Amino acid sequence: MKVRIASRLAWSTWALVLALLAVNLTLGILNGSFRRGEDFFYLVLSIVMALGYATVGALIGSRHPRNSIGWLFLLVAVGLMAGILSEEYPVYALRTAPGVLPGAAWAAWLGWFLPVALASVPLVFVLFPTGRVPSPRWRVLAWLIGGATVVAAVGLMVDPRPISAVPGLTVENPTGIEALRGIAGVIIAAGGWPLAMSALVAIGALVTRFRRAR
């Protein structure tokens, strides 16, 4: 990817994160989601994490497009915003102002993107700081993390069980497949457990690279 194209893509994604942040803040205020202390802390933490990941990711992606860490950071930032949107949008569309906004189920459906985006963090451990694995043998771990993430994401998307946007508010999964009701949970677990174990091993890659560094 050329530097100019990468720069435009990186900063466009950064702008998308800011736009989603503005939408989430607006919906959160209208929904009264930040009245309690813990909710306000969650709000501040989300803003800091989104801006931090997005800005650092855009800087790396625009200047070093071959370094995967920048794009992974941007993915995490988008995932954070999608996760918050999957909660605030359905609350506004179904509780705060019923009938005003369409697509509440699809907004809640975006919740699967948050755990998938957070799964990028172990990959950062493996690739930090060069954007490449410490040695060829670590490629297996990187592929395992990627594969497990895809399996878990597919499981979440086809799960026919209702989506719980927030406690007490559920919507139907628009992409749920009723025929897979009995095995959707198995698919999610088949991706989730290897991903959790891989995350622990990924820390070993970071330690290995640190010990080899001068």
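**Entry 1. Conventions.** I worked with a predicted model, in which local features need pLDDT of at least 70 and side-chain atom pairs count only at pLDDT 80 or more, while totals for chains, interfaces and linings use all residues. Residues are numbered from 1 along each chain as its sequence is written, and side-chain values use heavy atoms, with hydrogens and water left out. I took helices (H or I, at least four residues) and strands (E, at least two) as DSSP runs numbered from the N terminus.

**Entry 2. H1 and H3.** I looked up helix H1 (residues 3-31) against H3: their axes come within 9 Å and cross at roughly 30°. Axes are lines fitted to C-alpha atoms, for helices over the stretch in contact, with angles from 0 to 180 degrees between N-to-C directions. H1 and H3 are therefore roughly parallel to each other; angles under 35 degrees count as roughly parallel, over 145 as roughly antiparallel, 65 to 115 as roughly perpendicular and the rest as oblique. H1 passes H3 in a left-handed crossing (the near helix is turned anticlockwise from the far one by less than a right angle). The residues of this contact comprise 20 nonpolar, five polar and one charged. Here Ala, Val, Leu, Ile, Met, Phe, Trp, Tyr, Cys and Pro count as nonpolar, Asp, Glu, Lys and Arg as charged, and the others, Gly among them, as polar.

**Entry 3. H3 and H6.** I found that H3 packs with helix H6 (residues 120-127) at an angle of about 160°, their axes 10 Å apart. That makes H3 roughly antiparallel to H6. In this contact (heavy atoms within 4.5 Å), H3 contributes Ser68, Ile69, Leu72, Phe73, Leu75 and Val76, and H6 contributes Ser120, Val121, Leu123, Val124 and Leu127. I noted nine nonpolar, two polar and no charged residues.

**Entry 4. H6 and H8.** I then looked up H6 with helix H8 (residues 184-212): the angle is about 25° and the axes are 7 Å apart. That makes H6 roughly parallel to H8. From H6 the contact takes Pro122, Phe125, Val126 and Leu127; among the H8 residues are Ala199, Ile203 and Arg209.

**Entry 5. Pro129.** I located Pro129 in the loop between H6 and H7. The peptide bond from Phe128 to Pro129 is cis, with omega near -5°, whereas most peptide bonds are trans.

**Entry 6. The second largest pocket.** I recorded 19 lining residues, of which Ala108, Gly111, Trp112, Ile163 and Ser164 lie nearest the centre of the pocket. A pocket is an open set of points on a 1 Å grid over the protein atoms alone where a 1.4 Å probe fits, with protein on both sides within 12 Å along at least five of seven lines; lining residues have an atom within 4 Å of a point. H3 gives the largest share of the lining, four residues. By class, the lining has 11 nonpolar, five polar and three charged residues.
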